[in-house]
Amino acid sequence: MSSTGEQGGGGGDRRGDGGDRFAALRARLLVDGLDVADLDADPMAEVAAWVAVATDAGIWEPTAMTLATVDADGAPDARMVLLRGVDGDGLRWYTDRSSAKGRQLAVVPRAAVVLAWPVLGRQIRVRGAVTPTDDADSDDYWAGRPHGSRIAASASHQSTELAGRAGLDDAIAAVEAAYPEGTVVPRPDRWGGYRLTPERVELWQQRAFRAHDRLRYERDPSTPTGWRIVRLSP
Ligand SMILES: Cc1cc2nc3c(=O)[nH]c(=O)nc-3n(C[C@H](O)[C@H](O)[C@H](O)COP(=O)(O)O)c2cc1C
């Protein structure tokens with residue numbers, strides 16, 4: 001089997017298939033392509049299915065996604081977060097809401113996210129409105145985090161300037177002393193989830209010779225599913 005790189009499909013696998021355990025799956029996806037008829041009527045179900053493919057393939061951090069926001073001046077910003085939930089209501093992630101991204105979302109409550117698995121020749125883009133999740137949701141997620149992660153999140157006021165590493169280590173030690181292992185670390189008010197309600201969702205599948213497939217769900221209340229799917233030039 002030739003590598004997808006030799007087929008002109010993408011960045012290429014310079015090591016050859018022998019060193020690339022994703023090559024066979026990538027090649028199959030590349031040959032299969034994307035067809036509107038094969039997509040789930042619910043784009044979030046389709047996103048969940050793609051995440052499952054990446055997870056089952058053994059990709060490291062398969063839920064890592066780039067989250068793009070804009071600040072009050074309209075300047076874009078982007079960083080990675082972990083996708084922690086996909087359901088009919090949208091995509092969820094968890095963070096410190098007093099962080100740069102939190103402050104940006106408070107002013108412009110809209111975002112774009114990108115999930116990309118280059119080794120599978122796949123990318124998903126989602127845009128939409130963003131709302132904080134409720135306290136019950138944030139509490140649930142917080143309760144499932146390891147004790148050490150709760151300590152660190154409690155001690156760190158994300159995106160604020162530190163004079164040095166010692167400032168963070170001291171803050172962590174102070175929270176640890178107050179809440180030793182076995183005790184409940186309370187969720188700081190500033191820490192919680194966000195939900196992006198999708199307005200459009202694009203699936204990108206690498207095909208040979210850069211003739212890629214791009215299918216985009218767009219909201220359309222006149223259809224039975226509430227979505228229409230369009231094909232875009234690659
Ligand atoms: C793979 C990966 C996953 C990450 N996941 C999260 C996350 O789920 N939540 C979070 O607050 N930061 C996460 N981060 C750190 C963010 O990228 C970022 O540094 C932090 O949220 C501060 O961003 P801000 O200053 O733009 O608010 C992750 C970073 C990487 C590289």
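Ala, Val, Leu, Ile, Met, Phe, Trp, Tyr, Cys and Pro count here as nonpolar, Asp, Glu, Lys and Arg as charged, and the others, Gly among them, as polar. By these classes, the shell around the ligand has 7 nonpolar, 4 polar and 5 charged residues. The model is predicted.

The ligand is surrounded by 16 residues. The closest are Thr95, Ser99, Ala100, Lys101 and Ser159. Strand 2 gives the most, with 5 residues.

Strand 2 also pairs with strand 1 (residues 64-70). The pairing is antiparallel and runs over 7 bridges. Within it, Thr69 has Asp77 of strand 2 as its bridge partner. Strand 1 and strand 2 form a hairpin, with 5 residues between the strands. In this hairpin, Gly74 takes a positive phi near 85°.

Strand 5 (residues 110-117) holds Leu115. Leu115 counts as buried because 21 C-beta neighbours lie inside 10 Å, and the cut-off for a buried residue is 20 or more. Beyond residues up to four places away in sequence, Leu115 touches Met65, Leu83 and Ile124. Arg26 is 89 residues from Leu115 along the chain. The C-alpha atoms of Arg26 and Leu115 are separated by 16 Å.

Key: Residues numbered from 1 in each chain as written. Predicted model: local features only at pLDDT ≥ 70, side-chain atom pairs only at ≥ 80, totals over all residues. Near = placed C-beta within 6 Å. Helix = DSSP H or I, 4+ residues; strand = E, 2+ residues; numbered from the N terminus. Buried ≥ 20, exposed ≤ 12 C-beta atoms within 10 Å, placed from the backbone. Contact = placed C-beta atoms within 7 Å. Pairing = 2+ DSSP bridges.
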